[in-house]
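User: I'm new to this one and would like to know what sits behind the labels. Can we take them one at a time?

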Amino acid sequence: MMKKKFCLFGKNTSIIFCLIASMLFLSCATVPKEIVPARQAKIAVVLGAGASKGFAHIGVLKVLESQNVPIHMVVGTSVGSFVGSLYAYGYSAYELQTIAINIQRDEVVDIILPDNGFIRGEKLENYVNTRVQYTPMEKFKIPFYAVATNIQNGEEMIFGRGNAGKAVRASCAIPGVFNPVPIAGNYYVDGGVVNPLAADVARRFGADVVIAVNISAGIQTAAPKRTLETILQAIDIMHSKVGMFQIRHADVVISPKVDYIGASDFSKRHEGIMDGEKAALEAMPAINQILDKLRQEGRL
């Protein structure tokens, strides 16, 4: 008599093996990974210190705007904070040019008897706050940071929230010219004392690309004739020397040739704007190269 073969799975062996094989295949199959969009690049414009040379900042912004260069952050020191605050709030570069051409010295300068400075600074504060309609900095169209110096301990202070006019006033308070600005129990002066071209600040706040505008690269060679001119000339020299250390943090440095403009000279505003435009146009090939690379990476 023939013995029956023992079958573990019975009559449906072939069906069961097919099911098991299918399950193993599906479990081992490669599941496509979810495509994660590339993180969008953040481009910062850093506007440096330089008093009346700051009209050049407007010319630079005009070119960047006309060339459709995206700006996701603005960092400003001293006059750079003044121009930068208005731009970050929402004024176009061409509107800033109109403001610059029409602004009068007595709108932003309140001369006082020398008392830890010649200028109080309240007019400057009120001017900025009026222009931005008393909007706090954290609600500006573009994130904005103003650099100042704590005169009591020498530390850098970055203002990015709250009263825009107060922050700009502190950032612009040139020692010996402006009164130090009291804020929350501390006193602040010109950010250019510690960081006239704050490219590193833009990096710390997340900028992937930094376009820095250095308006203190050159120094006026004419000898100062008055006390105020001497102070401003000394500050200008300090800005030029200290600012050199920040260039390494920038991807592109735009350096308008405005050394012929005195620190307190409002008469050359047209020339300053034009020199800013010229320097920015010369820098556009380098900027476009960076932008093209970001577009290829899907980050712009």
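User: Which helix gives the most to the lining of the largest pocket?

Analyst: Keep in mind that this is a predicted model. Helix H3 gives the most, with four residues of that lining. H2 (55-66), H4 (93-102), H5 (105-108) and H9 are also among the helices that each supply at least two.

User: What makes H3 (79-89) largely enclosed by the rest of the structure?

Analyst: Buried means under 20% relative accessible area. In H3, 10 of the 11 residues are buried, so the helix is largely enclosed. Among them are Val79, Phe82, Leu86 and Tyr87.

User: How big is the largest pocket, and which residues lie nearest its centre?

Analyst: Its volume is about 680 Å³. The lining has 30 residues, and Ala51, Ser52, Val108, Val109 and Phe266 lie nearest the centre. By class, that lining splits into 25 nonpolar, four polar and one charged.

User: Why does isoleucine 247 count as partly exposed?

Analyst: Partly exposed runs between the 20% cut-off for buried and the 50% cut-off for exposed. Isoleucine 247 has 34% relative accessibility, so it counts as partly exposed. You'll find this residue in the loop between helix H9 (227-243) and strand E8 (252-254).

Definitions and conventions:
Residues numbered from 1 in each chain as written. Predicted model: local features only at pLDDT ≥ 70, side-chain atom pairs only at ≥ 80, totals over all residues. Heavy atoms only, no water. Buried < 20%, exposed > 50% of the residue type's maximum accessible area, 1.4 Å probe, protein only. 1 Å grid on protein atoms, 1.4 Å probe; cavity = no way out; pocket = protein on both sides within 12 Å on 5 of 7 lines; lining within 4 Å. Points joined across faces, edges and corners; volume = space filled by probe spheres on them. Nonpolar A, V, L, I, M, F, W, Y, C, P; charged D, E, K, R; others polar.
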